[in-house]
Structures are given as structure tokens and as C-alpha cells.
Amino acid sequence: MSAGRVLVVDDDPTVAEVVARYLERDGHEVECVADGARALRRAADRPPDLVVLDLMLPGMSGLEVCRRLRATSAVPIVMLTALGDENDRLVGLESGADDYVTKPFSPRELALRVRSVLRRARGAVVPGVGGPLRDGDLVVDVVAHEAERAGRRLTLTAREFDLLAFLLRNPQQAFTRDQLLDRVWGWSFGDSSTVTVHVRRLREKIEDDPAAPRRIVTVWGVGYRYEPAGDA
């Protein structure tokens, strides 16, 4: 089990208590805070292994907390969003969240999501791992859980890293969003816009021109395909 220290940020004491109880049952050390400013202070003072972050916070919004955390850290973030707030979920993913769970949610489902994100963030070895994956100036070391382009280390979230590694292992193959959701996220169902957002974020980090991508290309009517850049 990938147990760790989890910072829960939610102003509803009942929700925070239930979340903490389930995560502690999974072996995690849990700290709960009720507002964004305190969450940022605690994350700076004692960096957590993962943050469970409610979008609807008093004062500083969960989105702003996510942006500020992501500006200085690659700490995994699982967002709690209200059912039906699709725009908020998309903006949350754009801001750098790794995953989300909609309210009302099953505490057990949240605990499983936390376990999965932590395991991936710590570089769980996936089948077929050998040496580093290379494509031109792009190098992805799955064992070390590091990626760099042109000698510069890339700051990737756990899901971004997994998606990039999967695409590099399967070049010139078109995958639908649902297939990527299943193969990378391990979800048999879910919001495929999650994939769209992560592809967009990856393009911003590995493409010369994210608006005209040459590596992660869109296959219209299907999904996405990775085109090797070779020695370019």
C-alpha cells in the first residue's frame, strides 16, 4: 500500500472528518485544514505527499490554492467537486489537479483514488519497463520517474507522466479518450474530458508549438496518437 501524509482541505468539518477517518484506515497520516491560506502555509512548512482539496472554500478558492501549490510543487492533488459542476472540474484539471471526485462521493472511492494517485506519483513500475524511453530530445525515465527535454527537467504531475510514458511506449497508435482513461487512469468509466485536459497540459510542456502539436497529434473522430520526432 502507498500510504503517506495527506493534507485534507475542506471547510465542512463533517466531510473532513469522514475523509480523514477513511484515509487513516488506509494507513495514511492525515491533517485537516479548513481554508486555503492555512493549507498553503502547512504545505510549505511540512510538504504533504498528497492534497485532497475542496473547490468550494471560503476566502481563497480551491482553484487558487491548486494554482499556487502547482506553481512551486508537483505534489499530487485530488479535487473534491460538486456534482454537475463540469466547468469547475475542467478548470481544476487545467490548474494542475491530478484527479477529482464528485460530491456526494463514496469515502471508499476517494480512498482508492488517493491510493492510486500516490502509487503512480511514487513511480510504480508498470509492465514492460526497461531502459529510459527516448524520442529525439525527449527522455522519460520510468524507474526514476523523471522526464526531460533538451536536457531540461520537465515538471509533470503523476498523471501527466503516466500519460506521456504510455504514449511513448505505443507510438503511431491511435487511442480514443476512453481507451486512454482505461489504460492510463485505470478507470472503466469516467469523464473523458479529463484526458483532453491532460493532453493539452502535456503539449504545453513537450511541443515547440502547443497550438500546432507534432508529437501528440489529434486523430479527428478518434482521439490521439504519438508521432515520434526522431532526431529532430
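Glutamate 146 and arginine 153 are joined by a salt bridge, with their closest N and O atoms 3.5 Å apart. This pair belongs to a predicted model. Glutamate 146 is partly exposed, at 35% relative accessibility, while arginine 153, at 56%, is exposed. Salt bridges that share partners also link Asp135, Asp137, Arg149, Asp208 and Arg215 into one network. In the whole structure, a search finds 20 salt bridges.

Another of these pairs brings the side chains of aspartate 54 and lysine 103 together, at 3.3 Å from N to O. Lysine 103 is partly exposed, with a relative accessible area of 22%. A further salt bridge, between glutamate 227 and arginine 225, has an N to O distance of 2.6 Å; here arginine 225 is partly exposed, at 25%.

Proline 104 itself belongs to the loop between strand 5 (99–103) and helix 5 (107–121). For context, most peptide bonds are trans, and most residues other than glycine have a negative phi.

Two residues depart from that second pattern. Histidine 145 is not a glycine, yet its phi is positive, near 60°. The loop between strand 7 (138–141) and strand 8 (146–149) holds histidine 145, which is buried at 18% relative accessibility. Glutamine 172, also not a glycine, has a positive phi of about 60°. Its place is the loop between helix 6 (158–169) and strand 10 (175–176). Glutamine 172 is exposed, with a relative accessible area of 55%.

Turning to the helices, how do two of them pack? Two packed helices are described by the angle and the distance between their axes. The axes of helix 2 (residues 36–45) and helix 3 (residues 62–72) come within 10 Å and cross at roughly 20°. Angles under 35 degrees count as roughly parallel, so helix 2 is roughly parallel to helix 3. The crossing is right-handed. Helix 2 contributes Gly36, Leu40 and Ala43 to the contact, and helix 3 contributes Val65, Arg68 and Leu69. By class, the contact comprises four nonpolar residues, one polar and one charged.

Technical notes:
Residues are numbered from 1 along each chain as its sequence is written. This is a predicted model: local features need pLDDT of at least 70, side-chain atom pairs count only at pLDDT 80 or more; totals for chains, interfaces and linings use all residues. Side-chain values use heavy atoms; hydrogens and water are left out. Axes are lines fitted to C-alpha atoms, for helices over the stretch in contact, and angles run from 0 to 180 degrees between N-to-C directions. Helices (H or I, at least four residues) and strands (E, at least two) are DSSP runs, numbered from the N terminus. Angles under 35 degrees count as roughly parallel, over 145 as roughly antiparallel, 65 to 115 as roughly perpendicular and the rest as oblique. A crossing is left-handed if the near helix is turned anticlockwise from the far one by less than a right angle, and right-handed if clockwise. Contact means heavy atoms within 4.5 Å. Ala, Val, Leu, Ile, Met, Phe, Trp, Tyr, Cys and Pro count as nonpolar, Asp, Glu, Lys and Arg as charged, and the others, Gly among them, as polar. Buried means under 20% relative accessible area, exposed over 50%, partly exposed in between (1.4 Å probe, protein chains only). A salt bridge is a side-chain nitrogen of Lys or Arg within 4 Å of a carboxyl oxygen of Asp or Glu.
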